[in-house]
Amino acid sequence: MYGLVNKAVVDLVVSKFGQDTWNEIKNKAEVDVDVFVSMDAYPDDMTYRLVGAASEVLKIPPEKVLEAFGEHWVLYTAQEGYGPMLDAGGTTLREFLENLDALHARVALTMPELRPPRFRLVPVDDKTMLLEYHSTRQGLAPMVIGLLRGLSIRFNTPIDVSHASRDGHDEFTIRSSQIS
Amino acid sequence: MTGIALSPELMGGTFPFHIAFRPDGRVVQVGAVLQRLCPSLDGGLISDVFAIVRPQVMPFEIEAIRLHPRTVFVLQMKTGTLKLKGQMMLLDDAMLFLGSPWITELSELKALGLQLGDFAVHDQVVDCLFLIQSQQTALADVRRLASQQSVKLAHQQSALLEAERLARERLEKELALARQIQISILPRTLVADGVELAACMTTATEVGGDYYDVLPIHGGCWIGIGDVSGHGVTSGLIMLMVQSAVAGLVARDPNASPREAVTIVNRVLFENIRHRMLKDDFVTFSLLRVTGRRIVFAGAHEHVLVVRNGSKRVEPIATPGTWLGVMPDIARFTTETIVDLEPKDLVVLYTDGITEARNDHGEQYGIDRLSALVERHREEPIEDIRDNVFADVTRWSSRREDDATLVLLRQSN
């Protein structure tokens, strides 16, 4: 994972629980990094350990940690200078989800070690969309749910999300009265 | 080659920012996104909506444009901020402009009302923008790290300065305490049978350790003068020991031999300094017994200057011997010297703070200047002589780098 991801984890924990809690999580995860560098790639294992340790220290199930992280990711990247990039993604939730895969594909050009997830948006009807999510990484589906929540806040569009694991990928059914 | 032809619809999606116009400037085809941004373009005159920024082509006419077949064209919208960058291609009956918005920052997209989906998938403008964006992020990261480092450094430096300040403060306190010890034990009055006496000691902050004492006895007095090596509390304590040991010996036997007294004081100091305090300080020290017109002294320190009333000249008398506190027994190296005084003879005792005072050129005050001065002033009241010496030394050296001590004695018979 790129340092930006780990920085977002730090930011989430520190802003909600304080520096001491972060230090405790970092020690438990045996992560000996003081400052993550945004554009540097770190082992995935480190991010997983941080999530596991956060779950133990905060006494929250790991999937809830990932969900909270996904939600925070939208907020965090906007404040870290990626606001214009998010703006380029579209002005409505639907536009943004349509561009989500292109966004990741284009970003991959500048982050050579990135293994970006792949997304496919399938419109179902004027209140329902299906988001397919493919990733080489395991167990990050809860993060996508958080991500959708964060986008729902960003575009001020209330949504209802349900998740299903399919053969080799995940599917999220997004319902809203405001997506047509 | 048969090839394919793009229908205007397909062309509009594949090149969302293209413009095709006839020789008269009439626009006949516009890309889908550009049409959204400039609704008046289609069917209008291209020169009404766009101006050519690059190259230098005036006016907006096919005949002029065709002279620049392999040139980057930059078009500027006349009523907005949109710039397009691309190329002009001459067709049979029209000119085709193929290009994309010219943007250097992602944030411009929003201002232009554009988003990712408006660009053709094959268009690399957005990739460039993302590249710039990620470089800016990396740069911002570096800047933040650098500023964190300078903040850390500033903290460390101020902590270091604070530690230094505290250490200096502690040292200054210790020196003040040492000075207090040193001064507190000096004799308050100088009165003895058969002699006039005057003395003064000035203390320096940096180096110190001067000592003098006058102990009156029947028919005279004992005078001690010396200098403890080093400075600070240790020197002060050693000086106290010298004073106490001498005072004890004199109280026990006012007519004791100075040589024996110096030998015993050394034994006490050697034991205390080396074996108890575990230091290697030492003391230069002369001890004089004055009875009637005779002075008997022992111990190594500065010369004893005797200003003879008869010759009006200074007679410098050496003080042979060795330092105190360096070896367990100095009896072998300690001798007694006898000086017999005539009435009005003046005896001058001093420490190196007087003779080694340096002027701005680094020149020492010296024993000769001191001798000449006391010769000149020898008949004055004894306190005036003392004050004149200090005034002269202060004129010589405004900086007080070492303790300076002067003890004067004049045979009053």
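Guide: B:Ile4 counts as exposed because its relative accessibility is 80%, and exposed means over 50% relative accessible area, buried under 20%, and partly exposed in between, with a 1.4 Å probe and protein chains only. This is a predicted model, in which local features need pLDDT of at least 70 and side-chain atom pairs pLDDT 80 or more, while totals for chains, interfaces and linings use all residues. Residues are numbered from 1 along each chain as its sequence is written, chains are lettered from A and ligands numbered from 1 in the order written, and side-chain values use heavy atoms, without hydrogens and water.

Visitor: Where is B:Ile4 found, and what makes the nonpolar surface patch?

Guide: B:Ile4 is found in the segment before helix H1 (8-14) of chain B, helices being DSSP runs of H or I of at least four residues and strands runs of E of at least two, numbered from the N terminus. Together with B:Leu6 and B:Leu10, B:Ile4 makes a nonpolar surface patch of about 330 Å². Accessible areas come from the Shrake-Rupley method with a 1.4 Å probe, and for residues only the protein chains shown count as cover.

Visitor: Which are the buried residues of helix H2 of chain A, and why are they said to line one face of the helix?

Guide: In helix H2 (residues 19-28) of chain A, the buried residues are A:Thr21, A:Trp22, A:Ile25 and A:Lys26. Seen down the axis of H2(A), they fall within an arc of 135°, so they line one face of the helix, the arc being that of the directions from the helix axis to the C-beta atoms. The face turned away from this buried side carries the exposed residues A:Asp20 and A:Asn27.

Visitor: What do the buried residues of H2(A) pack against?

Guide: They pack against helix H1 (3-17) and helix H3 (44-58) of chain A, where contact means heavy atoms within 4.5 Å. Just after H2(A), A:Glu30 takes a positive phi of about 55°.

Visitor: How much of chain B is buried?

Guide: Of the 413 residues in chain B, 47% are buried, and chain B has eleven helices and 16 strands.

Note on methods: Patches are made of residues with over 30% relative accessible area and no salt bridge: like charges are joined within 9 Å, nonpolar side chains (Val, Leu, Ile, Met, Phe, Trp, Tyr) within 5 Å. A salt bridge is a side-chain nitrogen of Lys or Arg within 4 Å of a carboxyl oxygen of Asp or Glu.
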